[in-house]
Amino acid sequence: MKDLTGKTALITGASRGIGEATARRFAEAGANVVLTARSADDIARIADEIGDKASAFPCDVSRYDAVKRAVDHAVERFGGLDILIGNAGVVEPISLLSESDPDAWGHAIDINLKGVYHGMRAAMPVMQAAGGGTIITISSGAAHNALEGWSAYCASKAGAAMLTKAAHTEGAGEGLRVMGLSPGTVATQMQREIKASGINPVSELDWSAHIPPEWPAETLLWMCGAEADAYLGQELALRDEGLRKKVGLS
Ligand code: NJP
């Protein structure tokens, strides 16, 4: 299903990278899109480029009140909310656990784990009242494998992966389609920060090893359709050749 006409999607972290590519792809497929991120100028510019179907709403996902206002905005502007892509995330602070700054460590949890929770908490009642919706969390291989220097990232992504399963457990009976997507390594600002850190093998990957952000965007669009219903409650991995074939990527 590549037609999202009449659907409204809210994408967190839409100022660049995977979130930006997703907002552009979903709008191309006919959806109304609400772009959120902290960089107000960037989301305003992207929304402008997309046109009438797009609305930019500045929002820091670490704050529940801000996320709730973004969801309310989607409903007011477009009449409902059908799709939530919990994409906003940070890899910093990259540092050894024994040397990490406790405030910076906690802030990564506030964004990567609580930010995903905030989106679900605000969107689930709206979707349940409407009879259904799709919630997709952008996960990571780091949710399941510990990497040196990434304790905050790994722990927060592991939490978000479990939260996604919890949302499926509670929401499936009420029409909610909840899944995770682990994109593999993607050529975005996050990989530039990883490369600059020089810690762990991911920082040593050649840039050509990364897939373009349009690939996860295409996969997320595919996951919004009935073909992906076999995967509800699960985390899909874009490294999987079988999935790439189903989505039409190779
Ligand atoms: O990274 P990047 P990606 N409140 O840095 C936003 C996961 N992932 O596209 O607020 C709201 O280009 C930030 O916006 P701004 C990764 O963990 C990636 O690669 O303006 N938004 C920007 O739009 C993450 O969950 C790879 O700074 C906040 C966006 O998040 C997702 O993919 C591998 C925010 C980050 O864009 C997108 O990351 C993997 C806040 N407090 C998983 N903090 C990979 N790239 O290789 C940040 O397995 N944002």
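## A buried asparagine in a loop

Asparagine 200 counts as buried, because its relative accessibility is 7% and the cut-off for a buried residue is under 20% relative accessible area. This description, like everything that follows, refers to a predicted model. Asparagine 200 belongs to the loop between helix 7 and helix 8, the latter spanning 214–223, and its phi is near 65°, which is a positive value in a residue other than glycine. Most residues other than glycine have a negative phi, and most peptide bonds are trans.

Between glutamate 92 and proline 93 the peptide bond is cis, with omega at about 5°, and proline 93 is located in the loop that lies between strand 4 and helix 4 (102–112).

Two of the pairings can be followed residue by residue. Strand 4 (residues 83–86) and strand 5 (residues 133–138) run parallel and are joined by 4 bridges, and within this pairing isoleucine 83 has threonine 134 of strand 5 as its bridge partner. Strand 5 also pairs with strand 6 in the parallel sense, over 6 bridges, and here isoleucine 136 stands opposite methionine 179 of strand 6.

## Strand 6 and its two sides

How many of the residues of strand 6 are buried? The count is 7 of 7, and the strand is described as mostly covered. In a regular strand the side chains alternate between the two faces of the sheet. In strand 6, Leu176, Val178, Gly180 and Ser182 point one way while Arg177, Met179 and Leu181 point the other way, and all of them are buried.

## Helices and a buried leucine

Leucine 81 is found in the loop between helix 3 (64–78) and strand 4. Is leucine 81 buried or exposed? It is buried, because its relative accessible area is 3%, which falls under the 20% cut-off. Leaving aside residues up to four places away in sequence, leucine 81 touches Thr8, Ala9, Leu10, Val71, Ala74, Val75, Ala123, Val126 and Met127. One of these, threonine 8, is 73 residues apart from leucine 81 along the chain, yet the C-alpha atoms of the two are separated by 5.2 Å.

## The largest pocket

The largest pocket has a volume of about 910 Å³. It is lined by 46 residues, of which Gly89, Val90, Tyr153, Thr188 and Met190 are the closest to its centre. By type, the lining residues divide into 21 nonpolar, 18 polar and 7 charged.

Which helix gives the most to the lining of the largest pocket? Helix 7 does, with 5 residues, while helix 1 (17–28), helix 6 (151–171) and helix 7 (189–197) each supply at least two residues of the lining.

Technical notes:
Residues numbered from 1 in each chain as written. Predicted model: local features only at pLDDT ≥ 70, side-chain atom pairs only at ≥ 80, totals over all residues. Heavy atoms only, no water. 1 Å grid on protein atoms, 1.4 Å probe; cavity = no way out; pocket = protein on both sides within 12 Å on 5 of 7 lines; lining within 4 Å. Points joined across faces, edges and corners; volume = space filled by probe spheres on them. Nonpolar A, V, L, I, M, F, W, Y, C, P; charged D, E, K, R; others polar. Pairing = 2+ DSSP bridges. Buried < 20%, exposed > 50% of the residue type's maximum accessible area, 1.4 Å probe, protein only. Contact = heavy atoms within 4.5 Å.
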